[in-house]
Structures are given as structure tokens and as C-alpha cells.
Amino acid sequence: WKTPEVFRALMEMIRRRLLPGVVEALGQFANVEAIPHLDRALEDDMCREAAEEAFRRLGERAREPLLLSALTPLPGTLEERPSSLRRRRSALSLLAEIGLPGEQWRRLEALLDASDPALVIGVAWLAVVSRAGADQNRLAQRLVEVLPAVAWDLRQDAERSEERRVGRECR
């Protein structure tokens, strides 16, 4: 079923409407041409899981588009949509899974100053897992600043980031 004709038909369908089954089927192709639509699907609560799986299939080929997605608030920096924030959080999480060379983390460093605590925690976690050589004091300071504003599951992620950071310093 994975033919060029099916791929083109799926691409035409997703241009008109995001549907979880279409996103999932496109993901099976692991074709970089689908990345703009997969990125858009990260904003959709019904399609996000299928889009994340599709990005995992793409692996390192998805790194640059995910970096750009994490850095791009929509419609703009002054008034970001909640769905855009969810996309950016998802992109950071996927980058942590796929892997990000430490030197590329620098491109995301400005997100430590984000007003959204989940973005701060996501970029701090990414700094830890990518061994980015980030300013450890700044990471710790930002995590401490955002912890009071986050839900318990994000607080656990932040604490895990800090534990890994401190553990690395002790070595």
C-alpha cells in the first residue's frame, strides 16, 4: 500500500483537513515531504500522538524542522496560541528523544527566558540530555523560578533535570 500514488493522495487529504488516520498513514512513509503537515498536526490534540510517532520514524531527518518548530511561536511572539505552545513543547520533547548535538542546543537557549514554564523545563531537560555545556547555574535558577507555577508532572520533569545536572557535576 506504500506507493507514490497513496502518498500523494494522503498529502492531498491532509492539505484539506487534519485527521489522525491520515497523519498516522503519512507517518508510515517516513517521508520528509510530509514534515510541514506533521508539524501542523502537533498543534492538534487529536493528531498530536500520530504526528509525534511520525517524527520519531523520521529520526535525525526531523531534527532541523523540530528545532525551527520549537523556536517559532504562532501567530507571533506577542500573542501565541495555546495550540502553538503545545506544538513547541512537543517539538522539544521529540528533540530530546531523537537526540540533539550539544552545540545545536545553543540555538534553543533563548527559550530559557520563555514565559511558559513547560518550555523552560523542556529546554532545560534538553540541555541536560544533550550535554550541551549550558550554564548550569542559569539552568538551575530558571528551574527554581518556574517550579512554583507548574503542575506536578512538569515539576517531576524539572526535578529530574536538576538531579541529572547535579549528578553530572559530582562526577
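Morning, everyone. Keep in mind that this is a predicted model.

Let's start with α2. Helix α2 covers residues 20-29. Its partner here is helix α4, residues 48-58. Two packed helices are described by the angle between their axes and the distance between the axes. For this pair, the axes come within 8 Å and cross at roughly 5°. Angles under 35 degrees count as roughly parallel, so α2 is roughly parallel to α4.

Which residues of α2 and α4 make the contact? From α2, they are P20, V23, E24, G27 and Q28. From α4, they are A50, A51, A54 and R57. By class, the contact has five nonpolar, two polar and two charged residues. An α-helix has 3.6 residues a turn, so residues three or four places apart point the same way. Keep that in mind when you look at the α2 list: P20, V23, E24, G27 and Q28.

Now, which residues of α2 are buried? They are V22, V23, A25, L26, G27 and F29. V23 and G27 are also among the α2 residues in the contact with α4. The cover over the buried residues of α2 includes α4, along with α1 (4-16) and α3 (35-41).

Step off the end of α2 and you reach A30. A30 sits in the loop between α2 and α3. Its phi is near 50°, a positive value in a residue other than glycine.

The peptide bond joining L74 and P75 is cis, with omega about 5°. P75 is in the loop between α5 (63-71) and α6 (82-98).

On to the pocket. Rolling a probe the size of a water molecule over the atoms shows where empty space is left. The second largest pocket holds about 200 Å³ of space. Its lining includes P73, T77, E80, L85 and R88.

D116 lies in the loop between α7 (102-105) and α8 (117-129). Is D116 buried or exposed? Buried means under 20% relative accessible area. D116 has 11% relative accessibility, so D116 counts as buried. Beyond its sequence neighbours up to four places away, D116 touches L85 and R89. D116 and V146 are 30 residues apart in sequence, yet 8.5 Å apart in space, C-alpha to C-alpha.

That's it from me. Thanks.

Conventions. Residues are numbered from 1 along each chain as its sequence is written. This is a predicted model: local features need pLDDT of at least 70, side-chain atom pairs count only at pLDDT 80 or more; totals for chains, interfaces and linings use all residues. Side-chain values use heavy atoms; hydrogens and water are left out. Axes are lines fitted to C-alpha atoms, for helices over the stretch in contact, and angles run from 0 to 180 degrees between N-to-C directions. Helices (H or I, at least four residues) and strands (E, at least two) are DSSP runs, numbered from the N terminus. Angles under 35 degrees count as roughly parallel, over 145 as roughly antiparallel, 65 to 115 as roughly perpendicular and the rest as oblique. Contact means heavy atoms within 4.5 Å. Ala, Val, Leu, Ile, Met, Phe, Trp, Tyr, Cys and Pro count as nonpolar, Asp, Glu, Lys and Arg as charged, and the others, Gly among them, as polar. Buried means under 20% relative accessible area, exposed over 50%, partly exposed in between (1.4 Å probe, protein chains only). On a 1 Å grid over the protein atoms alone, a cavity is a set of points where a 1.4 Å probe fits but cannot get out, and a pocket is an open set with protein on both sides within 12 Å along at least five of seven lines; lining residues have an atom within 4 Å of a point. Grid points are joined across faces, edges and corners, and a volume is the space filled by probe spheres set on the points.
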